[in-house]
Amino acid sequence: MSMGAGDFSFYSQKMPSAFFWIGIKTETDESIHSLHSPYFTLNEDALPIGVALHAAVAITYLNSHVSEF
């Protein structure tokens, strides 16, 4: 369990929340640098996975919370 970001815990006090970690390290990566490092590089192959995850969460939420007119 992690707070994720310093202010994320405040958001989750107001409404149910979730923080997703999407791995970007591959088997060939020799080292990994943290997000705030000037040497950090993003494995762009992870982007479609992250987009699909967030879209699925949004669609699931809307399907279960939006009433039909």
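Trainee: How do the residues lining the second largest pocket divide by class?

Mentor: Ala, Val, Leu, Ile, Met, Phe, Trp, Tyr, Cys and Pro count as nonpolar, Asp, Glu, Lys and Arg as charged, and the others, Gly among them, as polar. Here the lining has seven nonpolar residues, one polar and no charged. Tyr-11, Met-15, Pro-16, Ser-17, Ala-18, Phe-20, Val-57 and Tyr-61 make up that lining. This is a predicted model, where local features need pLDDT of at least 70, side-chain atom pairs count only at pLDDT 80 or more, and totals for chains, interfaces and linings use all residues. Residues are numbered from 1 along each chain as its sequence is written, and side-chain values use heavy atoms, with hydrogens and water left out.

Trainee: What makes something a pocket?

Mentor: On a 1 Å grid over the protein atoms alone, a pocket is an open set of points where a 1.4 Å probe fits, with protein on both sides within 12 Å along at least five of seven lines; lining residues have an atom within 4 Å of a point. In the largest pocket there are 15 lining residues, with Trp-21, Ile-22, Ile-24, Leu-35 and Phe-40 nearest its centre. By class, 11 of the lining residues are nonpolar, four are polar and none is charged.

Trainee: Is Ile-22 buried, partly exposed or exposed?

Mentor: Buried means under 20% relative accessible area, exposed over 50%, and partly exposed in between (1.4 Å probe, protein chains only). Ile-22 has 32%, so this residue is partly exposed. Across the chain, buried residues make up 9% of the 69 residues.
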